[in-house]
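Welcome! Have a look at the model below, then work through the exercises that follow.

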Amino acid sequence: MYSIQVDPHTHTLFSGHAFSTIGENAACAAKMGLRAIGQADHYGPTFTHDLPGWGSMMNMKALPRVIDGVTILASVEIDIVDFQGHLAFWDQEMPFKRPGDTHPVSPNDPLLASRDYAIASVHRFPGMEENTLAKNTEMYCRVLENPAIHIIGHPGRAGLRFDLDTVCRCAKEHGKMLEINDHSFDSPADVTDECRRIACKCAQWGVQVAVSSDAHSAWFVGQVQRALAMLEEISFPPELIANRTLESFQAAVAACH
Ligand SMILES: [Zn+2]
Ligand SMILES: [Zn+2]
């Protein structure tokens, strides 16, 4: 039976449409026997007009590193906002300069620099309906080349089909992870089929996956049974599940470049 020790993708109230605090998420994670959770609140125009989560995410030092025995990892789910693979708010400038800043600094720079790891996902962006397989593939490859990003969030559910071999080759080259997101199994069969195809390609290419709940309330933290069942069905190599242990997840994050 496959299992995970880290749920790398959970949301708190700071996402704007989730229901639990980090304390409630940690308490549920402890009951599930998890060793760590990632606080991966939304950051991007789709869900968080302006930057409501930015201040809290930049203030992780106000939290204990371990709550109820569960390590809290600083993450973010940042929106991919165009086919060039730009990330949310990339073209905004911080309203003030810090010592040593020689060029305009986006709020993303200090945010991403302060994360234990970062997830980049497509939700919605202007012009998205003009997507093609080639544009989508190029977009994901640009994101995978970004050293600040470690995981592509729910690629099976984002609605932008891409060339699996090209994206897996790029992920492998940069040591990045693709996410198998349990929340995607709430979607119609074409989405769950795509998740399965992605997992099969990751197995072929030796790309690690991050299995996550994408919980928007504490009760779903660590709930990844459907994702794990699919991986078992296709005999996915368990050693490619990056978050099978806390140590394997940390090693996978450290190997990203
Ligand atoms: Zn998402
Ligand atoms: Zn999410």
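**Exercise 1: the surroundings of P8**

Beyond its neighbours within four places in sequence, P8 is in contact (C-beta atoms, placed from the backbone, within 7 Å) with G38, A40, S75, I151, A210, S212, N243 and F249. This is a predicted model, in which local features need pLDDT of at least 70, side-chain atom pairs count only at pLDDT 80 or more, and totals for chains, interfaces and linings use all residues. Residues are numbered from 1 along each chain as its sequence is written, while chains are lettered from A and ligands numbered from 1 in the order in which they are written.

Task: work out whether P8 is buried or exposed.

Solution. Start with the place: P8 belongs to strand β1. Strands (E, at least two residues) and helices (H or I, at least four) are DSSP runs, numbered from the N terminus. Next, use the cut-offs: 20 or more other C-beta atoms within 10 Å of a residue's own make it buried, 12 or fewer exposed, and anything in between partly exposed. P8 has 30 other C-beta atoms within 10 Å, so P8 is buried.

**Exercise 2: helices side by side**

Task: say how α5 is oriented relative to α4 and to α6.

Solution. Axes are lines fitted to C-alpha atoms, for helices over the stretch in contact, and angles run from 0 to 180 degrees between N-to-C directions. Angles under 35 degrees count as roughly parallel, over 145 as roughly antiparallel, 65 to 115 as roughly perpendicular and the rest as oblique.

- Helix α4 (residues 133-145) packs on α5 at about 5 degrees, with the axes 9 Å apart. The two are therefore roughly parallel. On the α4 side, T137, Y140, C141, L144 and E145 meet T166, V167, C170, A171 and H174 of α5.
- Helix α5 (residues 164-174) and helix α6 (residues 189-205) pack at about 50 degrees, their axes 10 Å apart. That makes α5 oblique to α6.

Definitions and conventions
Two residues are in contact if their C-beta atoms, placed from the backbone, lie within 7 Å.
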